[in-house]
Amino acid sequence: MAKLFILMGSIVMALSVAIGAFGAHGLEPRLSERMMKNYQTGVQYHMIHGIGLLIVGLVALKLTSSSMLNGAGWSFLIGIILFSGSLYAMALTGVTKLGAITPIGGLAFIVGWVLLGLAAVRGL
């Protein structure tokens, strides 16, 4: 699983840079200030949790794989899809009801960080 999380983290990071650049260069003149801020928040959390996926993969190289470590990686990926994805969709469509999905992604991020910490403590 270590290599899978490193691969996914790398792909997620590449996408976050491309999505961020698209927003900065292609969307800024077209979105309201509020929607642009939502989009930028999505990019910021996308990048941070892409790094989280890379950390999970690197920790997995050092520790024996555990369900908590795997859970952390999948939680980060789910969080990116739900949190950042809902912010991107909301900014691009103007459908603010999509913001109801965002906290579910935020919860997935929190679960991921807790699981990563617990896996590291138990594996040391």
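Serine 84 is buried, with a relative accessible area of 0%; buried means under 20% relative accessible area, exposed over 50%, and partly exposed in between, with a 1.4 Å probe and protein chains only. The residue belongs to helix α3, where helices (H or I, at least four residues) and strands (E, at least two) are DSSP runs numbered from the N terminus. Residues up to four places away in sequence not counted, serine 84 touches Gly42, Tyr45, His46 and Gly79, contact being defined as heavy atoms within 4.5 Å.

The model is predicted, so that local features need pLDDT of at least 70 and side-chain atom pairs count only at pLDDT 80 or more, while totals for chains, interfaces and linings use all residues. Residues are numbered from 1 along each chain as its sequence is written, and side-chain values use heavy atoms, with hydrogens and water left out.

The secondary structure of the protein chain consists of 4 helices and 0 strands, in the order α-α-α-α from the N terminus on. The radius of gyration of the protein chain is 15 Å, close to the 14 Å that the globule rule gives for 124 residues, so the chain is as compact as a globular protein of that length. The radius is taken over C-alpha atoms, and the globule rule is 2.2 Å times the number of residues to the power 0.38. Along the principal axes, the C-alpha atoms fill a box of roughly 50 × 25 × 15 Å. Of the 124 residues, 42% count as buried. Among the contacts in the protein chain with a separation of 6 or more, 77% come from residues 24 or more positions apart. The chain exposes about 6,800 Å², of which carbon and sulfur atoms supply 71%; accessible areas come from the Shrake-Rupley method with a 1.4 Å probe, and for residues only the protein chains shown count as cover.

The largest nonpolar core has 27 residues, and the members that touch the most others are Leu31, Tyr39, Leu53, Val56, Leu69 and Leu116. Such a core is a set of buried Ala, Val, Leu, Ile, Met, Phe, Trp, Tyr and Cys residues joined through side-chain atoms within 4.5 Å. Two or more residues of this core come from each of α1 (2-27), α2 (33-62), α3 (67-93) and α4 (102-123). The greatest contribution is that of α3, with 11 residues. Apart from its neighbours within four places in sequence, leucine 31 is in contact with Met36 and Ala91.

Aromatic pairs number 6 in the structure. Rings of Phe, Tyr and Trp (its six-membered ring) pair if their centres lie within 6.5 Å; planes under 30 degrees apart count as stacked, over 60 as edge-to-face and the rest as tilted. Phenylalanine 76 and tryptophan 113 form a tilted pair, at 4.6 Å centre to centre and 55° between the planes. Phenylalanine 76 lies in helix α3 and tryptophan 113 in helix α4, so this pair ties together parts that are 37 residues apart in sequence. Phenylalanine 76 counts as buried at 0% relative accessibility, whereas tryptophan 113 is partly exposed, with a relative accessible area of 36%.

The ring centres of phenylalanine 83 and phenylalanine 109 are 5.5 Å apart and the planes stand at 55°, so this pair is tilted. With phenylalanine 83 in helix α3 and phenylalanine 109 in helix α4, the pair ties together parts that are 26 residues apart in sequence. Phenylalanine 83 counts as buried at 11% relative accessibility, and phenylalanine 109 is buried at 4%. Ring pairs link Tyr45, Phe83 and Phe109 into a cluster.

Serine 16, in helix α1, is buried, with a relative accessible area of 0%. Beyond residues up to four places away in sequence, serine 16 touches Val43, His46 and Met47. Serine 67 is found in helix α3 and is exposed, with a relative accessible area of 66%. The C-alpha atoms of serine 67 and leucine 87, 20 residues apart along the chain, are separated by 29 Å.

An unreviewed UniProt entry lists residues 44-61, 73-92 and 98-121 under "transmembrane region"; UniProt positions are given in the numbering used here, feature names are shortened, and annotations may be inferred rather than shown by experiment. In the model, residues 44-61 are 100% helix and 0% strand, with the end C-alpha atoms 26 Å apart. Residues 73-92 are 100% helix and 0% strand, with the end C-alpha atoms 27 Å apart.
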